[in-house]
Amino acid sequence: KLISIELYNTHHVSRGFSRKELKILEIMTSRGCPNNCIFCAGHLNYGMKIRFRSFENIVKEIDYNIREYGITHISIEDDTFTINKELVRKVCGYFKKMKLTWNCNTRVNTVDYPLLKLMAESGCKKVAFGVESGNPEMLKKIKKNITVEQVINATRYAKKAGIRYVECDFILGSHPDETVNDIEDTIKLIYKIMPDFLMLSIMCPYPGTEIYTMMLER
């Protein structure tokens, strides 16, 4: 009520979803991330812990926005929505009951086929995976804590489950040691998994991150 909802209706939310067609609400069900990727500034804001909202608190916010603004689609902006499986299952049940569509961001090592199938059946239209690199050694150096095999499996499972859009996000220059051959591995992986949406960004060394210190030293 303090800020006009119309100010939000002119801005892009997530690839594949337009405010011209949907009444979209952006929410966070948690804050923080327990992982330690060298490029992430989230630790500077939230530390290494992750805090979850209660299911009741999440539903209360969404219900209010449905009543007040006729919301039809939920964009979950957590760094990794599928860490808390119990919470995900409860939220999926609510989305299915309310006949809402939704999308989220997550990691390839926190999903499996049964969970993705449940998400799809509850109205999930897109899942975005942070992959960063297609080279195994680079994934270790940036402390991503995932494997190329997990990337391949997660994207395949998401498509098989019936999630309409699978997005994969990559970073060029994810580590100072990255070579042209490493980038070729990333290109090969992109062609192998064929995501519906591809985000390819350039490393941004945020002050205070490990990659920032590393770049200064070099």
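**Exercise 1. Decide whether F95 and W102 are buried or exposed, and describe how their rings are placed.**

Solution. F95 is buried, and W102 is buried as well, where buried stands for a relative accessible area under 20%, exposed for over 50%, and partly exposed for what lies in between, with a 1.4 Å probe and protein chains only. For W102 the relative accessibility is 0%, so this residue counts as buried. The model is a predicted one, in which local features need pLDDT of at least 70 and side-chain atom pairs count only at pLDDT 80 or more, while totals for chains, interfaces and linings use all residues. Residues are numbered from 1 along each chain as its sequence is written, and side-chain values use heavy atoms, with hydrogens and water left out.

The next step concerns the rings. A pair of aromatic rings is described by the distance of the centres and the angle of the planes. Rings of Phe, Tyr and Trp (its six-membered ring) pair if their centres lie within 6.5 Å, and planes under 30 degrees apart count as stacked, over 60 as edge-to-face and the rest as tilted. The ring centres of F95 and W102 are 5.2 Å apart with planes at 35°, so this pair is tilted.

**Exercise 2. Work out which parts of the chain the pair of F81 and W102 ties together.**

Solution. The structure holds 6 aromatic pairs, and F81 with W102 forms an edge-to-face pair, with 5.6 Å from centre to centre and 75° between the planes. F81 sits in the loop between strand 4 (73-76) and helix 3, whereas W102 belongs to strand 5 (residues 101-106), so the pair ties together parts that are 21 residues apart in sequence. Helices (H or I, at least four residues) and strands (E, at least two) are DSSP runs, numbered from the N terminus. F81 is buried too, because its relative accessible area is 3%. Finally, F81, Y94, F95 and W102 form one aromatic cluster.

**Exercise 3. Describe how helix 3 and helix 4 pack, and which residues meet.**

Solution. Begin with the geometry: helix 3 (residues 85-98) and helix 4 (residues 113-121) pack at an angle of about 25°, and their axes are 9 Å apart. That angle makes helix 3 roughly parallel to helix 4, since angles under 35 degrees count as roughly parallel, over 145 as roughly antiparallel, 65 to 115 as roughly perpendicular and the rest as oblique. Axes here are lines fitted to C-alpha atoms, for helices over the stretch in contact, and angles run from 0 to 180 degrees between N-to-C directions.

Then turn to the contact, which means heavy atoms within 4.5 Å. K85, V88, R89, C92 and K96 in helix 3 meet L115, L118, M119 and E121 in helix 4. By class, this contact of helix 3 with helix 4 has 5 nonpolar, no polar and 4 charged residues; Ala, Val, Leu, Ile, Met, Phe, Trp, Tyr, Cys and Pro count as nonpolar, Asp, Glu, Lys and Arg as charged, and the others, Gly among them, as polar.

**Exercise 4. Find where N145 and T209 lie, and state for each whether the residue is buried or exposed.**

Solution. N145 lies in the loop between helix 5 (136-141) and helix 6 (148-161), and N145 is exposed, with a relative accessible area of 53%. Its phi is near 65°, a positive value in a residue other than glycine. T209, in turn, lies in the loop between strand 8 and helix 8 (210-217), and at 3% relative accessibility T209 counts as buried. Leaving aside residues up to four places away in sequence, T209 touches I38, F39, C40, A41 and L44.
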